[in-house]
Amino acid sequence: MAELKDLPDVSGLSIGILGGTGDQGKGLARRFALAGHTVLIGSRSIERAREAAESIGVRGAENAVVAAEADIVIVAVPWEGHKATLESLRAELAGKIVVDCVNPLGFDKQGPYALPVEEGSAAQQAAAVLPDSRVVAAFHHVSAVILLDPEVAEVGLDVLVLGDDREATDIVQALASRISGMRGIYGGRLRNAGQVEALTANLIAINRRYKAHAGFRVTDV
């Protein structure tokens, strides 16, 4: 893994967020805009995209426009629409780093639980659907409440970054580290994304029990 201090300069990259009208996508958009990036929020509805974008001072457009224009694209769509959305954008996303932060979760009276995914994880599904893209898994455990809170200056947590393309994971680590207080930590190959996505269910349970917005830190790195 590249040492944290040796990560590439990503300050000039534009960031598109598919599903950016949801709290997670909008929160990431806000933080990257604060870090000085050009940010585009995407949605199937251009009206919803523009409304969400205006609320945080960035640009909104339809998903296809965002996918085509942004240097790096973050996928923050609901799990139910994950596969269909990516299939519809295969051409626009070809050759790009695509960062999947989708958590396939279910909820019942006992709380959150991980859903089985045929490909192994949402990120692996994205890689299967987008053979010409460089898929990386990251940003699964970041609280949308913290991201959107104007009183929180630093987001004090680590982001696990997984993928099979080392240059791409280095870039996404560096991108995570652009958000004040956050670090991007290499977490293994894309085949290990399933347990990272599933761990979100444990984190939600922690937050419910302790009335918190907890995140994770990696020690000794």
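Start with the second largest pocket, whose lining has four nonpolar, nine polar and two charged residues. In that count Ala, Val, Leu, Ile, Met, Phe, Trp, Tyr, Cys and Pro are nonpolar, Asp, Glu, Lys and Arg are charged, and the others, Gly among them, are polar. You're looking at a predicted model, where local features need pLDDT of at least 70 and side-chain atom pairs count only at pLDDT 80 or more, while totals for chains, interfaces and linings use all residues. Numbering runs from 1 along each chain as its sequence is written, and side-chain values use heavy atoms, with hydrogens and water left out.

Select Gly19, Arg44, Arg48, Val77 and Pro78: of the 15 residues lining this second pocket, these lie nearest its centre. Then color β2 (39–43) and α4 (82–88), which each supply at least two lining residues. Helices (H or I, at least four residues) and strands (E, at least two) are DSSP runs, numbered from the N terminus. The space here comes to about 270 Å³.

How are the spaces found? Rolling a probe the size of a water molecule over the atoms shows where empty space is left. On a 1 Å grid over the protein atoms alone, a pocket is an open set of points with protein on both sides within 12 Å along at least five of seven lines, a cavity is a set where a 1.4 Å probe fits but cannot get out, and lining residues have an atom within 4 Å of a point. Points are joined across faces, edges and corners, and a volume is the space filled by probe spheres set on them.

**Next stop: the largest pocket**

Now select Gln24, Asn103, His140, Thr200 and Ile204, which lie nearest the centre of the largest pocket, out of 28 lining residues. Two or more lining residues come from each of α1 (23–34), β6 (105–108), α7 (144–148) and α9 (193–210). Of the elements, α9 gives the most, with four residues. The space is about 690 Å³, and its lining has 15 nonpolar, 11 polar and two charged residues.

While you're here, highlight residues 15–104. UniProt lists them, in an unreviewed entry, as "domain: Pyrroline-5-carboxylate reductase catalytic N-terminal"; UniProt positions are given in the numbering used here, feature names are shortened, and annotations may be inferred rather than shown by experiment. Across this stretch the chain is 46% helix and 23% strand, with the end C-alpha atoms 23 Å apart.

Go to the loop between β8 (134–137) and α7 and pick Ser143. Is Ser143 buried or exposed? Its relative accessibility is 13%, so Ser143 counts as buried; buried means under 20% relative accessible area, exposed over 50%, and partly exposed in between (1.4 Å probe, protein chains only). Draw distances from the Ser143 side chain: the backbone nitrogen of Val145 is at 3.2 Å, and the backbone nitrogen of Ile146 is also at 3.2 Å. Both are polar contacts, meaning pairs of N or O atoms within 3.5 Å; within protein, one must be able to donate a hydrogen and the other to accept it, and residues adjacent in sequence count only if both atoms are side-chain atoms. Leaving out residues up to four places away in sequence, Ser143 touches Gln24 and His213 (contact means heavy atoms within 4.5 Å).

Asp108 is partly exposed, with a relative accessible area of 42%.

**The cavity**

To see its lining, select Phe139, His140, His141, Val142, Leu157, Asp158, Val159, Leu160 and Val196. Strand β9 (residues 157–163) provides the largest share, four residues. By class, the lining has six nonpolar, two polar and one charged residues.

Show α8 (residues 166–176), where nine of the 11 residues are buried. Among the buried ones are Ile171, Val172 and Leu175. At the N-terminal end, Asp165 caps α8, with a side-chain oxygen 3.1 Å from the backbone nitrogen of Glu167.

Finish in the segment after α9 with Lys211. Lys211 has phi near 50 degrees, a positive value in a residue other than glycine, and counts as exposed at 74% relative accessibility. Asp220 is in the segment after α9 too, with phi near 65 degrees and 80% relative accessibility, so Asp220 counts as exposed.
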